[in-house]
Amino acid sequence: MRKVNSHIIICCSLFCLVYLVISSCSTTRTVPEGDRLYTGSEVKWITDSIAKKRPKDYSSLMEGMDKRIRPNRNRKFLGMPIKLWLYNLGNEPKGKGLNYLLRKKWGEPPVLLSQAKPDYTSQVLEEYLVDNGYFQAGVTSAVKLSGKKKASMKYTATPNHRYTIKSVTYLTDSSAIGKTVTYTKPESSLIIGANYSLDSIKAERERIHAALKEQGYYYFTPDYLLVQVDSTNSGTVDLFVKIKDNTPLAALRPYRMHDIVLFPDYSLDNDSASTQGTPIRYKGIYIVDSAHRFKSSAFDRSVFLRPDSLYRLSSHNITLQRLINLGVFKFVKGQFSPVRDTSVHNLVGGSPNVTSTRDSSRRRDASGRNLNRRDSTYSRDTSQASNYRAMVNNRVALDSGWLDAKLFLTPYKRRSLQTELRGTSKSNGFIGSQIQITAKNRNWLHSAALLEIGLRGGLEWQTGNKNAGGSNSYGLGAEVAVTFPRFITPFRGLNIRTPYVPKTRISASYELYSRADLYNLNAYTLQLQYLWQRTQYLSHIFAPVALTYVLPTKTTPAYDSILANDPSQRNAIEKQFILGGNYTITYNNQQANRVHSFYLSGNIDISGNIAGLIIPKNDTGQKTLLGNSFAQYERFTAEARHYWQLGKGKQWVNRLLLGYGLPYGNSSTLPFVKQFFTGGSSSIRAFRARTLGPGSYHNPAVDTSALLANEAGDIKLEFNSELRVHVASVFNVAAFVDAGNIWLQKEVPDKPGSKFAFNTFYKDIAVGGGVGLRIDASIVVVRLDLAIPFRIPYLPENERWVFDKINFGDPDWRKKNLILNIAIGYPF
């Protein structure tokens, strides 16, 4: 009886729980009587009788209308209103507790039909269509009932005819500002024949404003421009661009720079003290640094505002961005103020948060020198000021036409210590960890140079899959690097006019990699790099000096036995010098709102060419340096990616990667660290890393024995295509196809089928595909890709496509062909 009662209790409890869940899952449980749950809206587009088809920008127009509809329905996760369910599960809280969490923290109240304002929303949508050229647009609304407690809104848009631009007229006079506006007309954003758009009018005002700011009109703003629209024509508009009649006179005149003062030790906590001190004049600018944090030369190539020059917006922006990009200052703020008397120098004091006033009192430095007296080496050109006064007939008292600029710079802490801990897990049963400690001095030698001293160490050991090959290992490394915020070259005065700071980086490093019971590998590297961000999208890295010395030690008999079965492994630890340089150019215009984005990158890596010309061959026919051979090769890589936004939350990405290496002279193959590999989480994901190729060659012992998976090649070809879809919150899914392989330049007898040939290489292409899940938390992206092979190049030619052999129900097939890649970040 006691057992029967317990079963009854369990069944009743389960019934109550199921009833509670089902009742809570009713999305309308908390909807008040006489109201309905608002489930969303739709917009129907009625094509006008003249165009008889949808416009080319139909998708963006519909997306724009959807964004303007209010209210938004309850949020959903994987198609389910989880937050609304949690809200309905609770009751009105009377204090802290479960009901409070469900109603106030976790849940979301129902969005009601009564909250919708269809008449107001219809008006907003009409205005949006008018802003895009549909001057005769109309939008109506209707309620769509669903069941007893749900409803949605339907908006019907009748845009009618779309107006285009017939003509653009600039109503300007013969004044200097009028002529400047007229000269900019060829770059106009208002294109005759294009659709009328309020956004294009805003863009035109911003364009003219930027052009005037570039010619000294500091006080001019876009609000002083007026674009009048005449829509009385049949389906077209005439546009008239003019400067408003009530524009202040200060906005109608150009300004020149007077004094430029830098405060590199500014602090909000001590703003009065940090703006006091003895100004130091350096190449036309003044620096007030009472704490002596920086040498004056640290700002030599960062300030593009110059005294006696016309104010230019580009110089203003480049100066601010250069100072920020020095990496020394966390805040940079500029303050510009008109000069009433050009004979007075107001160099110290002030704050970026208040409007400055002219201090006409006399100021002296510690030596008693009068700071207000003009520098005898300067002569001001006041002809523009007098011409302007003549133009306005002296109707008002104007300032002198000069500007003072004060730049307030708040520095970072000079020294910092950073610790980074990583963990890894591999499909071959290895796990590992690495710790890296980096000490930084952001203002080394008081020159805004960055000094970095880094130490790192890591371990990797095998926990399972003992037959996968490999051995426990550890690595140690150290690096010292200095980055100077300028180009250090024999050519003095080289300073490229861009917002980005050109940098010179000099580094020296040592790395020890030890594989237990196999070998130790020591690598010494010295490198000189020039880093140059030419534009927002284009960057260059040139390393004229890149020296590496590889020294193997403590090789064991166990490793010798591996070499007996796989001689190519000897390249991995060959003792040699790599003497060369490399150059990388990258173009990347990816932006969130761009439909088509591109990433293009090219690299040239050359070693041993200069040394090969100077050093003669020895008795063995080799050229050596300090008794060691050095590598001679040319290596080229090119990568192209296309990012296509198919719609909201949907993106299609394609990538093509080409690599070509040409060993010569001392080298029969590329150095191991310079060879190409394929397979793995960011390559052809249906094959494990370094197990594919070269060509149609495959060593089956790599999959079953202790041989190392290190297949490499001199030539690489790879193509990837991936469709990415945002599902909900931080979750994204993907479907992908990967194809490619690697090859050798020369045939190796131990690796038949590994040589590249133009007439047969396509037969060696491996193909794989799969699906993936990405958890994109902005700070870090965790990626899981599950892939299977579609084409295996090392099978007999007529059996390489393996679609007919896919069998998810076979555990042996899954173990061999189902590859799970776990990685951080997107593959490309």
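D289 has contacts beyond its close neighbours in sequence. Setting aside residues within four places, D289 touches P264, D265 and F294 in this predicted model. D289 sits in the loop between β9 (285-287) and α9 (313-325).

Is D289 buried or exposed? D289 is buried, yet has no salt bridge. The nearest side chain of opposite charge belongs to R293, 5.8 Å away. A salt bridge needs the charged atoms within 4 Å. The side chain of D289 meets backbone nitrogens instead, as the table shows.

| Side chain | Backbone nitrogen | Distance |
|---|---|---|
| D289 | R293 | 2.8 Å |
| D289 | F294 | 3.0 Å |

Now to helix α7. This helix covers residues 198-213, which is 16 residues. How far apart should its ends be? At 1.5 Å a residue, the span should be 22 Å. The end C-alpha atoms of α7 are 23 Å apart, which agrees. At the start of α7, a side-chain oxygen of S197 comes within 3.2 Å of the backbone nitrogen of D199.

The buried residues of α7 include I201, E204, I208 and L212. Charged R207 and K213 are on that list too. Their cover includes strands β4 (164-171), β5 (225-230) and β6 (236-243), along with helices α6 (176-183) and α9.

Finally, the whole protein. It has 14 helices and 29 strands. Of its 828 residues, 43% are buried. The protein exposes about 43,800 Å², with 57% of that supplied by carbon and sulfur atoms.

Note on methods
Residues numbered from 1 in each chain as written. Predicted model: local features only at pLDDT ≥ 70, side-chain atom pairs only at ≥ 80, totals over all residues. Heavy atoms only, no water. Helix = DSSP H or I, 4+ residues; strand = E, 2+ residues; numbered from the N terminus. Buried < 20%, exposed > 50% of the residue type's maximum accessible area, 1.4 Å probe, protein only. Polar contact = N/O pair within 3.5 Å; in protein donor to acceptor, adjacent residues only side chain to side chain. Contact = heavy atoms within 4.5 Å. Expected span 1.5 Å × (residues − 1). Areas by Shrake-Rupley, 256 points an atom, 1.4 Å probe, with all protein chains shown as cover.
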